[in-house]
Structure formats: structure tokens, C-alpha cells
Amino acid sequence: MSSSHVIRIENLRKVYRVGKVQVEALRGVDLLVERGEFVSIVGPSGSGKSTLFHIVGGLTPPTSGTVIVEDRDLARMSDAERTRLRKTRVAFVFQKFNLLPTLSAADNIAIARHLSGNRNGADPQFRAVLEMLGIANRLHHRPSELSGGEQQRVAIARAIVNHPAILLADEPTGNLDTANSQLVLSVLRDLNQRLGQTILMITHNPEAAAFGHRTVHMRDGRIVG
Amino acid sequence: MIHKLVWENVRHRPVRTFLSALLIAIPVTLVLTLVGLSEGMLSEARRRANGVGADIVIRPKGSSFASSLSSAPIPEALVDFVRKQPHVRLATGTVIHSISAPLTSAAGIHLEEFSAMSGGFRFVAGGPFREPREILIDENYARERNAKVGAVLNLMNLDWRVSGIVEPGKLNRVFVDLEELQELTGNRGKVTQIYVKVDAPENVPAVLESLKSQLEDYPIYAMSDFISLFSVDSYPALKSFINVMIGIAVVIGFAVVCLSMYMAVLQRTREIGILKSLGASKGFILTLILREALLLSLVGAAIGVGLSFGTKWALETFVPASLSPAIVPAWWPRAALIAMTGAALGALYPGWRAASQDPIEALAYE
């Protein structure tokens, strides 16, 4: 693997067992992602996009194949090792924002910092990121007091506060109106361009997919283009 | 940060928090009330025994200090015998007869002798009994029975006129003439116990030894020793009862917290998924649930302490003569520990469930 590849996936398979039925979610996926790349992944429901994300993000182990993230093979990792991976090296942005409702925006970001083991709060440059995200003056509000667009930008801030190697965005504009979708996509592109953040983004929307450097198409658990 | 998360979780659902804490508070209140009652009743017994003013007490043969006396097996002639001993200034016999077992009794006293020994009653209203079927009652009994001087109370299936109301703290709450009570209870010429006043404190040990040697089968105590025996440690059954109540409190705390935290974990399935997606370990999730349960138990313990003041007030207001509750601050940390033990045990299963949750399923939870 070239050192510029932050993700290398070879012949990845994932089989779920639902009752007595085995469901083959991924059927031999191969994918290379370079450091600093912004890759859009599109495909119909059930094509295996989310399963691919969950494996790359260390939320679930692969059934077989190779998944190398930053020179570490996720297939050989224990549950605790994958948990450690999620603390600092990969981060998620979800369609439903998934902010903790009891905490303010600032504390939602701080909890990610805390879980990474850093007790010193965000570094000074992070303030500039918050300005770029346009939420610097909304940090003391709870998620219920923020618009969808603001919540998603807080979720992005939370995701990048620990400088992850990979940002996994799962339908980040799926719950947003057009204006907010454009704003969030612009933010993701800015993060990629200004900070060199590697981003994998699942989307159904071709316009959203166009924000990436390239688009990967999935169908029936395989990459088809 | 974890403290903040715990605090915000508790604050975010005030009704659940309040109800859980209240349910935890109930066994805490029960334990504190029971301990308060034990300590209060014993303290009251000490105060009343002390109020007699005696230096030595002679109890019936075969009785222990803890025996509840309601018979009169000591021949009254023994009082005269004691009275004639060197250094004995006063001796008086009393009869104790239960009128509403086991909490209230009537004391038959020789009023002049008893007054001389105890320093006399302080009358709040009325005066000493002079006629048959007259009684003295203390303020607490008067309040419980809502009785004033001149009121007629039915005790032992007989009507008694209240001749006076006295300040509490001397032997008993209800007093009648010794001879009258002896007649009524078929104990003519007999007494329940004998109180002895010695001419000088330094002579008490000698008189005590002398009486013990002459009255071998009678339990005889220096009053100071007798009073010191009124403690929970001297009543094994009471200690066992308190321990059983503590056990019940732990079980209730366990059940309440288990149910409450189980519901909380279900409610917060998605939040647990979010934390896991951020890299929260199983230990972090388990700690989160345990700390929340412990916080609930501390709030519950604080409410329980507050409620124990309420039960004390209720008992003193409605049954001031029968029960004498006390507030025992030394038991507050123990009650909190009992609540925390129950809560920690109760939070283990929900905590383990939360920690073991699959993050993908948790994130998909609606």
C-alpha cells in the first residue's frame, strides 16, 4: 500500500445473521482512498454503503477480507481496539446529527475531546474552525434550540475536534433543506481543502456527490463504478 | 466531563429523577425512623429512670434489666427492710401495670415518698391525687389523649379523673396511688421494684454491695449502671430487627434503581450509541450509569433524611406519649451508604446492558 493511502480495502465481505437467515451485506469490496481525498459513495438502499461505513469506522468487524486504516488492520482488531480507533482516528457525521440532547453544543464537542483522552479542551486553531462553521456564537445552546443546519455543523465540529484521519459522513444533508444542505456541503469541502481532511460521504443526491473529488457507486454489496 | 453528563442526564428528566429519588428515600426514611424510634425510646427510658432520683434499684427475682415489668412480685416488707439499712435515706416501692401493652403503663407510687426521692412533680395544671380513682398524667399523655384537668379517662376498664398534669421525665406518664393500684391488680402488699436513695454518693457502692449480699437472688443495680444499659446494643432482638430493616432497604433500593436505570437505558439507547460512536468504552458507559444511580441514591438519601424529620413530627404530634422518636445524625451517612449500596447493585445490570449494546443497533434505535 502506498503511504498516501489512508484506507485500503480488499475483498471485504460482511455477513449478518438475522434470525436463521444470513444476509450478505458486502460481497467483496475493494477500495483505495488517498489521504486528503473527498470521496462520495452513492448507491440505492441496501447496496451496502452504511455497512461499509460501519466497518471502516470500527463500529462492527468485517466477516472476511482486509480493511487497513492508517496501516492498522481492522479485521485483526478486538472490540476494545476498535473503540480506541473511534476515539481519535475516525469520526462520524450522521444524517440525524446524533447530538446528545442533554448537553450544550460546546459540551457535545467537549465530550468527544474528553473521550479521546484529552482533558485540555480544544486547541486554539479549533476556534477558527468554529468560526468557519458559523457556530461560534451558538455553542451554549442545546441541540433542541438549534436549527438542523446548526446541529449538523456542531456534529461536524465534534467530529473533527480530535483531528481524525478519516471523517465518515453518512447522508449529512439527508435531514436538511436545500440552503442548509449547501452550507454543510460547503463546510465539508472547506475542511477538505483547507485542512486536508479525508472525507468519505454517503449520499443519494448526485449534486451532493459532486462536492467530492470522485464518486464511488455501490450496488448489491459491491462497488460497481 | 462525565460528572456534567451525569448531572445533565439527571436534570433533563426531572420527573423520573424525582420519583426514583423519592422511592429510594422511602426505605431510607424507614431505617432512620426505626433507628430514631429505638434511640428515642431508650433515651426517654433513661431520662425517666434518671428522673426518679434514686441511687439504687432493686428488681424482681429472675428479671433482667431489659425485662418489661408488669407484675409485682416483690414483698412490700422488703421496702421496710431496705429502708433500715445503714446510709439509706429513702426507699420506695412502685407498681407498674400495663394499660395499653406494650407502650403505656400506669405507675403506682407512694406520692410523698416518690416526691421526696425525685424532687417532686412540677405541675403544669391541677394538683396531686387525693381521692380514689384520681390520676396524674404527664403533658405528653395529656396531649395524646387530649385530656385536661378534670377530664375522665377510661383506663383498665375504670373511669379515672385527671387531678393534675405534670411535666414529663419522672418514671412514667400515668401515676395512681400505690395502694389503689395494688388493690386493683391483686397485688396487695407487693411491689414491682424498689428505688433506694443513699445519704451520700460516696456511700452508694457500699450500700449496693451490702444489699447484694443480703438479697442474693434480686438483681440490684446502681442507677447509673442501670441507665447506661439502655442502649440498642443491649437489645439483640432490636439490633436484629434494625438489620432486617436495613436488608429490606437495600433490596428496595436495588429494585427501584434497577427498574429506573433499566428504563433510563432503554430511553437513552440512541445516546449510548452516540457515545459509543465517539469511542466511549464499555467501562465509560458502565461508570456513567453507576454514577447516575449513585447520584440518585444520594438525592434519595437526602430526601429520606428530610422525611425522617417529617415522621418524627408526625409521631410526636399524634402519639406523643406512646412513641418518642429521635433524630440520629450519626445514622445519616449509614443510611446514605445503604441507599448507595442498593443503587449500585441495582445499576449493575442496566449498566452492563448499556455497556454491551451494539453501537449500530443503538444508533438505529428510535
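Me: Before we look at the sheet, what makes two strands count as a pair?
Reply: Two strands pair if DSSP finds at least two bridges between them. Helices (H or I, at least four residues) and strands (E, at least two) are DSSP runs, numbered from the N terminus.

Me: And what kind of model is this, and how are things numbered?
Reply: This is a predicted model, where local features need pLDDT of at least 70 and side-chain atom pairs count only at pLDDT 80 or more, while totals for chains, interfaces and linings use all residues. Residues are numbered from 1 along each chain as its sequence is written, and chains are lettered from A and ligands numbered from 1 in the order in which they are written.

Me: Ok, the sheet. What's the strand order in chain A?
Reply: The order is β6-β7-β8-β3-β9-β10 (chain A), an open sheet of six strands with mixed pairing. β6 (90-93) and β10 (222-223) of chain A each have a single partner strand, so they stand at the edges with one side lacking a neighbour in the sheet.

Me: What holds strands together anyway?
Reply: Backbone hydrogen bonds pair the strands of a sheet, either parallel or antiparallel.

Me: Do β6(A) and β7(A) run parallel or antiparallel?
Reply: Parallel: four bridges join β6(A) to β7 (residues 166-170) of chain A. Across that pair, A:V90 stands opposite A:I166 in β7(A).

Me: And how many bridges join β3(A) to β9(A)?
Reply: Four, and those two strands run parallel. Look for A:V42, which has A:H217 of β9(A) opposite.

Me: What about β9(A) and β10(A), parallel or antiparallel?
Reply: Antiparallel, with two bridges. A:R219 faces A:R222 in β10(A). The two strands form a hairpin with two residues between them, and A:D220 in the turn has a positive phi of about 50 degrees.

Me: Switching topic: where does A:F97 sit?
Reply: In the loop between β6 and α3 (105-115) of chain A. Phi of A:F97 is near 70 degrees, a positive value in a residue other than glycine.

Me: Is A:F97 buried or exposed, and why?
Reply: Buried, because A:F97 has 23 other C-beta atoms within 10 Å. A residue is buried if 20 or more other C-beta atoms lie within 10 Å of its own, exposed if 12 or fewer, and partly exposed in between, with C-beta atoms placed from the backbone.

Me: Then where's A:H163?
Reply: A:H163 lies in the loop between α5 (148-160) and β7 of chain A. Its phi is near 50 degrees, again positive in a residue other than glycine. A:H163 has 14 C-beta neighbours inside 10 Å, so it counts as partly exposed.
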